[in-house]
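Here is a short briefing for a first look. Keep the sequence and the structure open side by side.

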Amino acid sequence: MSPTPSGGTGTPPRAALGLPAASALVIGSVIGTGVFALPSALAPYGPIALVAFVAVTLGALALALTFGALSKRATASGGPYVYAREAFGEFAGFLNAWSYWITAWAGNAAIAVAWVGYVEVFVNTGHGRAYSVLIALTGLWIPAAINLTGVRNTGAFQVITTVLKFVPLVFMATIGLLFIDPDNFGAFNASGQSALGAISAAGAIALFSYLGLEAASVVAGRVRDPERNVPRATVYGTLVCAVIYILGTLAVFGTVSHARLGESGAPFTDAANNILGGSWAGDAVAVAAIVSGIGALNGWTMLCAEMPYAAARDGLFPGAFAKLRGANDVPVFGIVASTVLASLITLFSYTRFEDVFTKIVLLSVLTAVIPYLFSAAARLYWLLRGRAGLSRRALARDVTITVLAMAFSYWSIQGSGYQTVYYGLFVLLLGLPVYVWLKRGDGADPAPADGTPNETAPDTERPPAAPPRAPETPPVVPAPRRPGGSRKGGLHNNLRHHD
């Protein structure tokens, strides 16, 4: 097989997504049911959560600009995985692919849980647990079925759902602002923590709303003219989401009382009902939230398959993920396996977690921030190595944006909480045995450092003794002593510079 752009082998997937579909993928992956459930998750912190939202937005924009720049350097599918592998090697690439894959299917479980709250505006209004689980599983498998028909249908469905979800969000971000009642906000910091602690904790939850801003870079191999369209889709899509998010959340905080908001399973529905009276407006918002959730799950199901597909082509994920099926080049195994895992964590969460949405959100955020951090580090690495090709002003600008993205990533990890970091680190390290298994056949055991044969390996597999290795820096030859006793020139002239 011919090499793929990412360095692996296999037939490259078809580039079926144009700029509208790529932008819809970013917006649709970012704006899911998370934004519709987020005001309730942030309510325990009070209006100070809006400060956290603004801080998260600035960090998200820095990440979007970073991903936009990185996508011009590497146009193959894989996004954070490709950047980490090219900058820091295969192991870093594997860790990023593994971590992001966990983010994708665990995030789908969180979206499905939030989606259930809006479906139950119409059915299962008593919130029976068994029926809630059934609804969540239905929400996971409908997008999987759509993805199995091919990327063209997936992209078309994404555009349709993105357009439909915008109507209530734009309404709340514009008309809703006119109905704000300051008495609904409650105490500015209702968390009982310090202001900085409340902002950090709320920011970690708010970051979930922006997960998916890298979606276009993850599927870059499926995008037409990726060097041009992927950066535009990433940055413009994030900007649109930022405006809708901040204004919409502000409107919900100001139109639903603080006490009611913390208990609401469908805060945008409650806000619409309070603004327009009756229940019809809330029902309309609930329908839009249902459509939005299906659209987000549709996009994230695609990401669930594309990231491991890119890694599997390079031998850094199980080979089953790299197999494309049918005339539409569908990564069937990745779609099905990820949806099964999302279904399992949904079942587990409904039986073990009291606050299902927030618990899964924080785990998804942590496993997403790790690839974000590596991507920003890769961008900084390439900036500093290639600084000679940039003007001083351009270098300062790009380094500032990248450092901001890195700082934001570290802040998000800190705000996730000790328990989330513990679980996140545990699931990340579960990838080590997988990596060992994948790399088990890569060459024979190396010879000892002294060049003697490896006695534990059979003669047929024994590598030849390595030749003596030259030192990195040649020995310093003293220069002839000049009159006066100085030794100028010897050390300086014999040291080599290594890139």
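Among contacts in the chain between residues at least 6 apart in sequence, 81% join residues at least 24 apart. This is a predicted model. The chain holds 19 helices and 0 strands. Of its 499 residues, 54% are buried.

**Overall surface and cysteines**

- The chain exposes about 22,000 Å². Carbon and sulfur atoms supply 64% of that area.
- A search of the whole structure finds 0 disulfides.
- C241 is buried, because its relative accessibility of 0% is under the 20% cut-off.
- C304 is also buried, with a relative accessibility of 1%.

**Helix α8**

- Helix α8 covers residues 195-206, which makes 12 residues.
- At 1.5 Å a residue, helix α8 should span 16 Å. Its end C-alpha atoms are 16 Å apart, so expectation and model agree.
- Helix α8 is mostly covered, with 9 of its 12 residues buried.
- The buried residues of α8 are A198, I199, S200, A201, A202, G203, A204, I205 and A206.
- An α-helix has 3.6 residues a turn, so residues three or four places apart point the same way.

- T161 sits in helix α7, which runs over residues 151-174.
- The relative accessible area of T161 is 3%, so this residue counts as buried.
- Which residues does T161 touch, not counting residues up to four places away in sequence? They are V291 and G295.
- T249 belongs to helix α10, residues 226-255.
- T249 is buried, and its relative accessible area is 0%.
- Leaving aside neighbours within four places in sequence, T249 is in contact with P39, L50 and F53.

- L404 is found in helix α16, residues 392-415.
- Is L404 buried or partly exposed? L404 is partly exposed, because its relative accessible area of 43% lies between the 20% and 50% cut-offs.
- L404 is in contact with L58 and A62, once its neighbours within four places in sequence are left aside.
- L404 and A60 are 344 residues apart along the chain, and their C-alpha atoms are separated by 9.8 Å.
- F348 lies in helix α14, residues 332-352.
- F348 counts as partly exposed, at 38% relative accessibility.
- F348 and V133 are 215 residues apart along the chain. Their C-alpha atoms are separated by 10.0 Å.

**A nonpolar surface patch**

- Which residues form a nonpolar patch on the surface? They are F91, L425, L429 and L432.
- Together, these four residues have about 330 Å² of accessible area.
- L425, one of the patch residues, is found in helix α17, residues 418-429.
- L425 is partly exposed, with a relative accessible area of 47%. A patch residue needs over 30%, so L425 passes that cut-off.

**To take away**

- The chain has 19 helices and 0 strands, and buried residues make up 54% of it.

Note on methods
Residues are numbered from 1 along each chain as its sequence is written. This is a predicted model: local features need pLDDT of at least 70, side-chain atom pairs count only at pLDDT 80 or more; totals for chains, interfaces and linings use all residues. Side-chain values use heavy atoms; hydrogens and water are left out. Patches are made of residues with over 30% relative accessible area and no salt bridge: like charges are joined within 9 Å, nonpolar side chains (Val, Leu, Ile, Met, Phe, Trp, Tyr) within 5 Å. Accessible areas come from the Shrake-Rupley method with a 1.4 Å probe; for residues, only the protein chains shown count as cover. A salt bridge is a side-chain nitrogen of Lys or Arg within 4 Å of a carboxyl oxygen of Asp or Glu. Helices (H or I, at least four residues) and strands (E, at least two) are DSSP runs, numbered from the N terminus. Buried means under 20% relative accessible area, exposed over 50%, partly exposed in between (1.4 Å probe, protein chains only). Contact means heavy atoms within 4.5 Å. A disulfide is a pair of cysteine sulfur atoms within 2.5 Å. The expected span of a helix is 1.5 Å times one less than its number of residues.
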